[in-house]
Amino acid sequence: MDFFSKEEADVIGEISNISIGSSATTMSQMLGQPIKITTPDVSLVHKNEILGDYENSCILVRVRYIQGLFGSNMLVLKDDDAKIITDLMMGNDGTGQYAKGEISPLYISAVSEAMNQMTASSATAMSKMFQKKINIAPPSVQQIIVENFELPEDVQDDLFVKINFRMRIGKLIDSTIMQLYPVDLANSIYKLFQKRI
């Protein structure tokens, strides 16, 4: 990988794996479904390639670090997965009325609540890992049109560490969730890891 070694990428993948694993435990309790996250697949991609695996539209979750680390990472969910998560959040079995139809503000609100719980758990896991307080702002969630997508103005990086996880939620979802770290943020995380060892 140019500009980012395999060792660095492996470390970021493992840290992301621990964070996502902690988040999955929280989400499992919230949704009342077993959640299994597989070993991450880590790659380095240019900003123009980050949504290459997605068609039409998807759900983008932006997580801003505001203490201990600074910068934003992003999670990307498929629309259909967000619908099932919303249906579960609304107290249904994942196949109810909210598992169908168009993404509306209700879906964004439900996914925001789920992601708020997940990312808080992830930040706590990172704080323990680095023995340093890591705080995040409440995540922002939006549906994006893939072909029109532009990065937020304060994310200036051209290169991203892309981490794909296979995510299974009960028998309802067998899909992929993607985490994106701008290289600058990934480097900062790697430096924290080095201080710990």
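Which helix does Thr86 lie in? Select Thr86 and you land in helix H2. Before going on, a word on what you have open: this is a predicted model, in which local features need pLDDT of at least 70 and side-chain atom pairs count only at pLDDT 80 or more, while totals for chains, interfaces and linings use all residues. Residues are numbered from 1 along each chain as its sequence is written, and side-chain values use heavy atoms, with hydrogens and water left out.

**Stop 1: around Thr86**

Thr86 counts as buried because its relative accessibility is 0%; buried means under 20% relative accessible area, exposed over 50%, and partly exposed in between, with a 1.4 Å probe and protein chains only. Now show what Thr86 touches: Tyr98, Tyr107, Ala110 and Val111, leaving out residues up to four places away in sequence. Contact here means heavy atoms within 4.5 Å.

Keep Tyr98 and Tyr107 selected. Both are buried. The structure holds 2 aromatic pairs, and Tyr98 with Tyr107 forms an edge-to-face one, 6.5 Å centre to centre with 75° between the planes. Rings of Phe, Tyr and Trp (its six-membered ring) pair if their centres lie within 6.5 Å; planes under 30 degrees apart are stacked, over 60 edge-to-face, and the rest tilted.

**Stop 2: the whole fold**

Zoom out and switch to cartoon. You'll find 4 helices and 8 strands, running α-β-β-β-β-α-α-β-β-β-β-α from the N terminus. Helices (H or I, at least four residues) and strands (E, at least two) are DSSP runs, numbered from the N terminus. The C-alpha trace spans about 50 × 35 × 25 Å along its principal axes. Of the 197 residues, buried ones make up 52%.

**Stop 3: the cores**

Next, select Ile12, Ile59, Met115, Met126, Ile169, Tyr181 and Ile189. In the largest nonpolar core, which has 53 residues, these touch the most other members. Such a core is a set of buried Ala, Val, Leu, Ile, Met, Phe, Trp, Tyr and Cys residues joined through side-chain atoms within 4.5 Å. Among the elements giving two or more residues to this core are helix H1 (6-31), strand E3 (57-67) and helix H3 (105-130). H3 supplies the largest share, 10 residues. Apart from this core lies another, of 16 residues, including Val76, Ile144, Phe149 and Met178.

Now centre on Ile12. Beyond its neighbours within four places in sequence, Ile12 is in contact with Phe4, Val161, Ile163, Tyr181, Ala186, Ile189 and Tyr190.

**Stop 4: helix H4**

Colour H4 next. Its buried residues are Val183, Leu185, Ala186, Ile189, Tyr190, Leu192 and Phe193.

**Stop 5: strand E1**

Jump to Lys36, in strand E1 (residues 35-37). Setting aside neighbours within four places in sequence, Lys36 is in contact with Arg166, Met167 and Arg168.

**Stop 6: two loops**

Where does Asn56 lie? Look in the loop between strand E2 (41-46) and E3. Asn56 has a positive phi of about 60° although it is not a glycine, and it counts as exposed because its relative accessibility is 63%.

Finish at Gln131, in the loop between H3 and strand E5 (135-136). Gln131 is not a glycine either, yet has a positive phi of about 50°. With a relative accessible area of 73%, Gln131 is exposed.
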